[in-house]
Amino acid sequence: MLTIQAQSNIPTDYGMFTVYAFSDHEDDWSPHLIWVAENTDFSKTVNVRFHSECITGEIFHSKKCECGQQLDAAMKYMSENGGMIIYLRQEGRNIGIINKLRAYALQEKGFDTVEANLMLGLPADGRNFNVAVEMLNILNVKEINLLTNNPDKLKSLENSGIILNHRVPLEIESNGVNESYLSKKKDYFGHLLEKV
């Protein structure tokens with residue numbers, strides 16, 4: 001059962017955020033996190049982003065995806081409008097960094113992101129967003145606007161008791177390198193993308 005193990009205020013390039021670490025045990029080195037902008041009012045509709053960890057895109061600025069740019073855009077949006085980022089430790093659509101690199105190696109041979117995962121005996125997308133809903137319930141958040149292009153994240157809120165007022169698109173234009181990746185998101189996973 002998830003509980004808040006720690007919290008602290010952290011100043012960022014986008015303003016001050018209160019960060020909560022959620023885990024079912026206190027010695028978890030990779031807890032899920034919530035980053036809450038300082039102008040957020042939980043009693044009103046809260047802007048929320050479910051964001052899965054992507055070390056290659058967020059830290060090392062890989063051009064194979066748009067994850068780092070989405071995270072930056074979400075932090076800026078929350079800082080300006082209030083809200084929170086639920087940062088889920090689900091690297092590589094929840095296959096982990098080692099398998100993600102193995103999948104990248106297959107992509108270098110011409111396979112797309114889905115084909116590579118399936119060839120490794122892994123799901124095309126193994127993420128679970130129910131944990132994000134659980135974290136919202138722990139913080140007693142009742143109504144949200146969700147920053148997403150992913151229909152699975154919208155579905156995770158069905159029958160959750162949390163009211164989804166609006167979907168806010170968070171689309172990043174292709175950099176050329178990730179064009180096929182974004183097309184696969186749209187065509188295979190049904191992501192709500194208009195710029196692809």
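Predicted model: local features only at pLDDT ≥ 70, side-chain atom pairs only at ≥ 80, totals over all residues.
View 1. Residues are numbered from 1 along each chain as its sequence is written, and side-chain values use heavy atoms, leaving out hydrogens and water.

View 2. Helices here are DSSP runs of H or I with at least four residues, and strands are E runs of at least two, numbered from the N terminus. Helix α2 covers residues 67–81. Its buried residues (under 20% relative accessible area, 1.4 Å probe, protein chains only) include C67, L71, A74 and M78. Seen down the axis of α2, the buried residues fall within an arc of 160° (taken from the directions from the helix axis to the C-beta atoms), so they line one face of the helix.

View 3. Strands β1 (residues 3–12) and β2 (residues 15–23) pair in the antiparallel sense through nine bridges; pairing requires at least two bridges found by DSSP. Look for T12, whose bridge partner in β2 is G15.

**View 4. The largest nonpolar core.** A nonpolar core is a set of buried Ala, Val, Leu, Ile, Met, Phe, Trp, Tyr and Cys residues joined through side-chain atoms within 4.5 Å. The largest one has 23 residues, and M84 is among those with the most contacts inside it. Helix α6 gives the most to this core, with five residues.

Key:
Expected span 1.5 Å × (residues − 1). Buried < 20%, exposed > 50% of the residue type's maximum accessible area, 1.4 Å probe, protein only.
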